[in-house]
Amino acid sequence: MKKRRKYKTRNQRKRKWHLFKQIMTLAFLFFFLGLFIFFILIYDDIRELYFSAEDKIASIDVSTFKDKTETRIYDKEGNVIKEVAPRDYTYIPIEDVQPEIKNAVVAIEDIRFYEHKGYDLKALTRAGLELVKNKGEIKQGGSTITQQLAKLQFLSLEKSYKRKIEEIFVAAKLEKLFTKNQILEFYLNNINYGNGAYGIETASKKYFSKSSKELTLAEVAFLTGIPNNPSYYNPVRNMDHTLQRKNLILSQMLKYEMITEDQYQKAKEQEIVLDMPKKKHNPETYEVSFALSSVTKLLMEQEGFKFKYWFDSKGEKDEYEEKYNEKFLEINEKIRNGGFDIYTTIDMKKQKQLQENVNKGLAGYTEKDKKTGLYSMQGAAVTIDNYTGDVVAIVGGRTQGDVANTYNRAFLSHRQPGSIIKPVLVYTPAFERGKLASSVMVDKAIKNGPQNAAQSYRGPVTLREALERSINTIPFKIVSEYGPKEMLNYLVKMEFSGLTPKDIHAGVSIGGFTYGTTPLEMAGAYSTIARNGQYIRPTGIQKVVDITNTTLYENKHKKKRVYDSGATYLMTDVMKGVFTKRYGTAYGNQLSDIPSVGKTGTTNQNKDLWFAGYTPYYTTVVWSGYDMPKSIWGKNPSLEIWKSYMESIHKDLKKVKFEKPNSISYMYVNPETGEVDKTNDHGWWRKELVPEIYYEIQEEKKEEEKKKREEALKKRKEQEEKERKKREKAREELLELYDTTEEEVHKAVSRAENAIGNLKNISIRSKSDISRADSLMKVAEGMIDQIPLPDMKNSYTTQYQKQVNRLNREELNYNYQKEQEKKKQKRKEEEQSKQQEERRYQPSEPKYQPDKPENEESKEEKPKEPEKPVEIPKEEPKETPKEETQEKIEPIEEPEEEEKQSSQDFKR
């Protein structure tokens, strides 16, 4: 038994081992098959990346890594505006680098550095598994020091398999061109140590104010830990993170026997104290700071950063901003470190004109901040070319000879926009949602709503007049009608960066935001309206080229549809009245020789003053106010700056009209209902500009109403059919219950109807009618009794009873009339008898008449006429009882005994 059990157990083990080998064989086959298929799919990409690496390496030499070239910023004409050079940069040869620095870098970054040929197969295998696991996205490194150098100098920081493959190709070629010591030297002098420090020598002076030769082992490990993630391991903000990384590096050095246990313990216990010199700031002009910020965002996007403009919670926004700031700092430092050519869209002539006009328009405000020395009253302005969407001028504040005013309010400062938000957020969206410039709404006080500037209300007004007068109640009602979140989506599409969930309220219709908007964002929005609804991101950048002459970004002026073109043209037409109507808020400030439109904007207590306007050529938005908001009284300087500047830049331009799209035309509008007709004025409808989308909405509504009617009719018919079938089924069940057929029921009903019809046709006018009615009633009773279905029998019984009741009444009336006639006849006979009795005792007339002439006797005797009865004067009738004298037929209350007896014969 024991042998048999051992034999059985041994066989089971063999089977399990055989099964395991089969599974592993299949797994390896599938793995290599997957790799082969993946290689086939990306073969073309690999080939392209190989040649790209060749091009990048072709022109490099030692100077590529030693000489730090500036980042140059150009205007739209290709002239250099500014050269941004790395500050306090010091290059150190490998001979002067202390051994601990080399060892620390190799221990933590690439322990096989001196063995591989630019790439490490083990590390690549690990990275490859992560690549498959994360569907092509690199989550884990594996790059050698050579690969990191290739990435730093020649490639983007994007994490993808393409960048990784190109990185390997470039690293392999670098290993052929340079020695290991040269590669390590290049790496140590170009790696980012955070806070603008590139290279180990620069970092040593930055954080400890001494040369790298003087660094202790602990300080070496401390600095070596920063480049892995300069933001996370930033010692200024995250000292704890940097110290943890330092200890990890020391343990790695101990592991690989680069240091002793005693050195490890001393370095681990050494306190790290930063000794950072004061940072020197080189002031940047507004166009330069804007260009650097804009390029940073463009490269962030290219490297996979997803920009967001709406957040459902504060936590979501905070988390996003933390990632944004970290990535922004990383890319911005890389750009400032040199090696980039940035071609902007800035027109330096217009830039100078805009700055001069801002300075001049605010010259009367001379108050200065005691701490900074800057003017307290500031301004900002942005100009965009409407045809291209390019930023041609941007001013972030007033310039002062004695103080650098570097804060660029044009794109960094969020302020409440006031009424200039109305065309963007309220009226243009309303025009594409079923309202016209002539649509009427009532301007009246709103409970817990906004007040008008003059705290007065005008009653019914058109939307055109509401905008021209800058009425507040009407926009509030419109946003309430369509929903604040729905309207805010227009700003999200145009990349407004200061929106929060707290802005979901109707107060945003008049500029009541949590943070507000920037002049750059408002200029982008107004330029979108001027461009008939197509948004182009106002980057201000034409092209970005790196040190290898590779174009990293080129502006394609990609357009995005935000508004309907007909609605935006109507908005342009409405804003003309702000200048031309006497009650317009900017009356008389239109430009001299070219069509112009615009909108004023003020916030509560006049703390922010805006003007936004455009021509067919350019859009310019101007803001003025205090950095620490306070009231400003008097004229709106922003309007004066806008008019003066726009007049100057349009001086030599050809006069053109705003481009009218095909999506708007003049139509006839019913003033009472708002219904439009393209051809028929119906005798009294007015003609006005109507967007096609309005007409389409109207036709869609008509079609919907028609469909609804058709559906209602269909449903009614279906319901009727359902009820009919239900009745039929119930009928069939009823027929089955009473063991009859439809034909039998029909015949019985037909006979009953005929019998009842005969009763309807008879009336009691004689005794023969009574007997005939009695006969017909008996027949009808019999016919009704033959109906097999109770409900129908009851129905016809009710009809029968109705006729019986009628005939009973007629018989009673007939008997009563006959009785009255008998009484009348009797009285008549009595009167006649009495008259005859009285005549019998009255004397007769004499036969001889002497007065009669004689000749008359001789005349032929005429036949005698019958004698008329002598009329006897009627005596006043004596009083008799009412019953005997009243001949008027009264309603019958109760028939007498004989009458009752005769009527009972009719009842059944």
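**Inside a predicted protein model**

Visitor: Hi! Is Phe-208 buried or exposed?

Guide: Phe-208 is buried, with a relative accessible area of 5%. Buried means under 20% relative accessible area, exposed means over 50%, and partly exposed is in between (1.4 Å probe, protein chains only).

Visitor: What kind of model is this?

Guide: This is a predicted model, in which local features need pLDDT of at least 70 and side-chain atom pairs count only at pLDDT 80 or more, while totals for chains, interfaces and linings use all residues. Residues are numbered from 1 along each chain as its sequence is written, and side-chain values use heavy atoms, leaving out hydrogens and water.

Visitor: Back to Phe-208, then. Which residue does Phe-208 form an aromatic pair with?

Guide: Its partner is Phe-222, and the pair is edge-to-face, at 6.0 Å centre to centre with 65 degrees between the planes. Rings of Phe, Tyr and Trp (its six-membered ring) pair if their centres lie within 6.5 Å; planes under 30 degrees apart are stacked, over 60 edge-to-face and the rest tilted.

Visitor: And where do Phe-208 and Phe-222 lie?

Guide: Phe-208 is in helix H9 (residues 200-208) and Phe-222 in helix H10, so the pair ties together parts that are 14 residues apart in sequence. Phe-222 is buried too, at a relative accessible area of 0%. Helices (H or I, at least four residues) and strands (E, at least two) are DSSP runs, numbered from the N terminus.

Visitor: How many aromatic pairs does the structure hold?

Guide: There are 21 aromatic pairs in the structure. Elsewhere, Phe-305, Phe-307, Phe-311, Tyr-320, Tyr-324 and Phe-328 form one aromatic cluster.

Visitor: Let's stay with H10. At what angle do H10 and H11 pack?

Guide: H10 (residues 217-224) and H11 (residues 239-255) pack at about 115 degrees, and their axes are 8 Å apart. Axes are lines fitted to C-alpha atoms, for helices over the stretch in contact, and angles run from 0 to 180 degrees between N-to-C directions. The two helices are therefore roughly perpendicular to each other. Angles under 35 degrees count as roughly parallel, over 145 as roughly antiparallel, 65 to 115 as roughly perpendicular and the rest as oblique.

Visitor: Which residues of H10 meet H11?

Guide: Leu-217, Ala-218, Ala-221, Phe-222 and Thr-224 in H10 do, and their partners in H11 include Met-239, Leu-243 and Ile-249. Contact means heavy atoms within 4.5 Å.

Visitor: New topic: what is phi for Ser-470?

Guide: Phi is positive there, at about 60 degrees, although Ser-470 is not a glycine. Most residues other than glycine have a negative phi. Ser-470 sits in the loop between helix H18 (463-469) and helix H19 (473-482), and it counts as buried at 13% relative accessibility.

Visitor: What about phi of Asn-532?

Guide: Asn-532 also has a positive phi, near 55 degrees. You'll find Asn-532 in the loop between helix H21 (519-530) and strand E8 (534-535), buried with a relative accessible area of 11%.

Visitor: One more. Where does Gln-355 lie?

Guide: Gln-355 is in helix H15 (residues 348-361), and is buried with a relative accessible area of 12%. Its C-alpha atom is 6.1 Å from that of Val-395, although these residues are 40 apart along the chain.
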